[in-house]
Structures are given as structure tokens and as C-alpha cells.
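Welcome! Open your viewer, and let's walk through this structure one selection at a time.

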Amino acid sequence: MTSGRRSQWPEAKSVLVLIGLNLIFFIALLFKDSLITVFALQPSTWTEHPWAVLTSIFTHQRFWHILANMFTLFFLGSYLNNMIGDKKFLAIYFIGGIIGSFFFILFALYTPVRDPDDWVIGASGAVFAVAGALTALAPRFKVMVFPIPAPIPLWIAILGGFLLMSILPGVAWEAHLGGLLVGLIAGFIIKKRRRNVFIF
């Protein structure tokens with residue numbers, strides 16, 4: 001990765017803080033699983049528990065779920081944070097996650113594809129926002145995706161991942177879509193406003 005100077009692995013302090021917050025929520029649920037009713041987002045009751053729009057994006061119940069999200073957040077988020085700075089990175093993460101929550105609410109309340117009483121948890125909407133922004137800024141960035149034996153362009157990995165996850169049962173693809181759109185829009189705006197070009 002170059003931006004007019006020699007590239008180094010990013011420090012990613014903001015990314016580590018976000019991962020830490022996700023782990024705190026995860027550990028809290030291990031000790032008291034009834035907290036899921038406080039943290040999770042349910043479209044039919046979200047006006048009674050508006051904080052769930054935010055807390056749900058830090059909540060995970062299964063180890064594989066938090067592992068996948070935090071692994072992706074660390075690697076993609078580290079590069080994005082290094083490219084655009086803490087403020088823009090955190091704004092994309094939080095706005096993407098919250099818009100993802102509202103996408104889930106809207107689809108549940110106003111379309112037949114989702115039950116309003118369904119629950120949603122997970123950082124995937126926020127992580128897709130990070131991925132979308134990085135894709136807009138550096139679409140040719142090469143990533144390894146298991147089980148593909150060779151690196152592929154980021155835009156293919158993100159689009160393919162979104163489409164694949166959208167057909168899996170129990171996946172809140174609406175939140176993924178909302179986050180991804182936020183990230184792409186933010187990334188293109190940032191790219192248009194700055195002169196330096198990032199090459200991977």
C-alpha cells in the first residue's frame with residue numbers, strides 16, 4: 001500500500017477499541033444471557049428500546065460470529081483507519097452500523113420479507129460499511145478469502161461475500177446492505193475530495 005510514502009502496517013488504535021467493546025458485550029452475555037433482550041434489536045419494539053439500534057451492533061452470542069466479524073474488522077478496518085484517520089473511520093463504522101439497523105427495521109415493518117418480531121444482533125452492518133469504504137478507495141486491494149487459493153480484488157470479495165451471505169438462513173442481509181451502501185457512498189466522497197491515490 002502506498003500513498004506517496006513508504007507503507008507500514010497501521011496502528012489501528014480505534015479498531016482495537018471497537019474490538020474491545022465488542023468483546024466486553026460478548027463476555028457480558030456469557031455471564032448473563034438475559035441481557036440479549038436489552039442489547040438486541042427487535043423492529044416491533046425498537047421505539048420502546050431505541051438504544052438497541054446501537055447496542056445490537058456490538059452484540060454477539062456465538063463465538064464464530066464474533067470471530068468472523070472481528071477478524072474482518074481488524075484487517076480491513078486497520079487499513080481504512082490508516083488511510084482516512086480516526087474520525088472518519090469511526091463515523092463510517094457507527095453510521096454504517098446504525099443505518100444497517102434501520103434498514104432491518106424498515107424491511108421488517110414495511111415488507112413481507114422479514115417478521116417484525118425477529119431479533120438482530122452483530123457488527124456485520126458496521127463491518128460492511130468499513131469494507132464498502134475501503135472498496136471505494138482501493139478496489140484493487142488484493143485479499144485472501146478462504147478457500148480460494150489465490151488473492152482476489154477486494155471489490156470481488158466484498159460483493160461475493162455480500163451475495164453469498166444474503167442467501168444463507170438467519171442472516172440479516174438488510175443490515176449488511178445498509179452498511180455497505182453507507183461505506184461505498186462515504187468512500188467515494190472521500191476519494192473525490194482528496195488528491196492522493198492509494199495503490200495496493
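Start in the middle of things: the largest nonpolar core has 44 residues, and Leu 73 and Leu 76 have the most contacts inside it. A nonpolar core here is a set of buried Ala, Val, Leu, Ile, Met, Phe, Trp, Tyr and Cys residues joined through side-chain atoms within 4.5 Å; buried means under 20% relative accessible area (1.4 Å probe, protein chains only). Elements giving two or more residues to this core include α1 (13-31), α4, α5 and α8, while α6 gives the most, with 9 residues. Helices are DSSP runs of H or I, at least four residues long, numbered from the N terminus.

A word on the source: this is a predicted model, where local features need pLDDT of at least 70, side-chain atom pairs count only at pLDDT 80 or more, and totals for chains, interfaces and linings use all residues. Residues are numbered from 1 along each chain as its sequence is written, and side-chain values use heavy atoms, leaving out hydrogens and water.

Move on to Gly 100, which sits in helix α5 and is buried, with a relative accessible area of 1%. Show its partners too: Gly 100 touches Glu 174, Ala 175, Gly 178 and Gly 179, leaving aside residues up to four places away in sequence.

Definitions and conventions. Buried < 20%, exposed > 50% of the residue type's maximum accessible area, 1.4 Å probe, protein only. Contact = heavy atoms within 4.5 Å.
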